[in-house]
Amino acid sequence: MLALLLAAGVGAQVPNSFETEDSLGLVQPSQVKAERVQEYASDGKWALRVLFPGSDKDTWPGISLSFDPPITDKQALQFDVYNPMDVPVALSWRIDVEGREEAIFGGATIQPHKTQAVEIWLAAAGPIKRIFPYVRMPREDRVLIFDNLRWFVLKDYFTP
Ligand SMILES: [Ca+2]
């Protein structure tokens with residue numbers, strides 16, 4: 001059943017707070033070890049712990065969020081990240097836009113022992129096919145704990 005769903009191209013789903021076992025299937029780990037944990041959740045009880053393995057080779061480990069059909073009506077993707085390490089972790093991201101040859105890149109530094117809200121702006125980029133948060137060429141293992149993936153839409157500003 002899972003194989004059939006994957007073959008049909010089930011993509012990422014947002015919002016995702018990693019509260020259920022299936023929620024793990026909605027992100028696609030790429031060269032990382034991702035597991036649900038009951039630590040440092042910013043929403044509910046569960047979060048997603050991602051180990052980005054260090055390597056002497058240049059690698060770009062991350063979690064891939066694919067959208068089919070592409071996302072057109074959201075201003076930003078927001079999520080919370082906790083850095084359990086004693087050093088800052090540079091989180092990068094890549095955004096693939098339909099009809100655009102070059103990807104859009106961005107990043108944020110996640111400070112040690114802090115939960116940080118990260119916002120990836122999508123507005124005006126065009127139809128979003130994929131959002132890929134990753135760590136750029138880690139030489140040593142890095143760990144981040146993600147939770148509460150959510151969309152931001154501009155009308156949220158105008159809530160009375
Ligand atoms: Ca959660």
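The model is predicted. Its protein chain has an average pLDDT of 90, and 91% of the residues score at least 70. Residues 1–9 have a pLDDT below 50, and this stretch makes two contacts in the model beyond near neighbours in sequence. Where pLDDT is low, the predicted coordinates should not be read in detail.

Valine 37 is located in strand β2, which covers residues 33–37. Strand β2 pairs with strand β3 (residues 47–52) in the antiparallel sense, over five bridges. Within β3, alanine 47 is the bridge partner of valine 37. These two residues are ten residues apart along the chain, and their C-alpha atoms are separated by 5.5 Å. When residues up to four places away in sequence are not counted, the residues touched by valine 37 are Trp46, Ala47, Arg49 and Ile145.

Strands β2 and β3 belong to an open sheet of five strands, arranged in the order β2-β3-β10-β5-β8 with antiparallel pairing. The edges are taken by β2 and β8 (115–121); each has a single partner strand, so one side of each is left without a neighbour in the sheet. From one strand to the next, the twist averages 30°.

Definitions and conventions:
Residues numbered from 1 in each chain as written. Predicted model: local features only at pLDDT ≥ 70, side-chain atom pairs only at ≥ 80, totals over all residues. Helix = DSSP H or I, 4+ residues; strand = E, 2+ residues; numbered from the N terminus. Contact = placed C-beta atoms within 7 Å. pLDDT = per-residue confidence, 0-100. Pairing = 2+ DSSP bridges. Axes fitted to C-alpha atoms, helices over the stretch in contact; angles between N-to-C directions.
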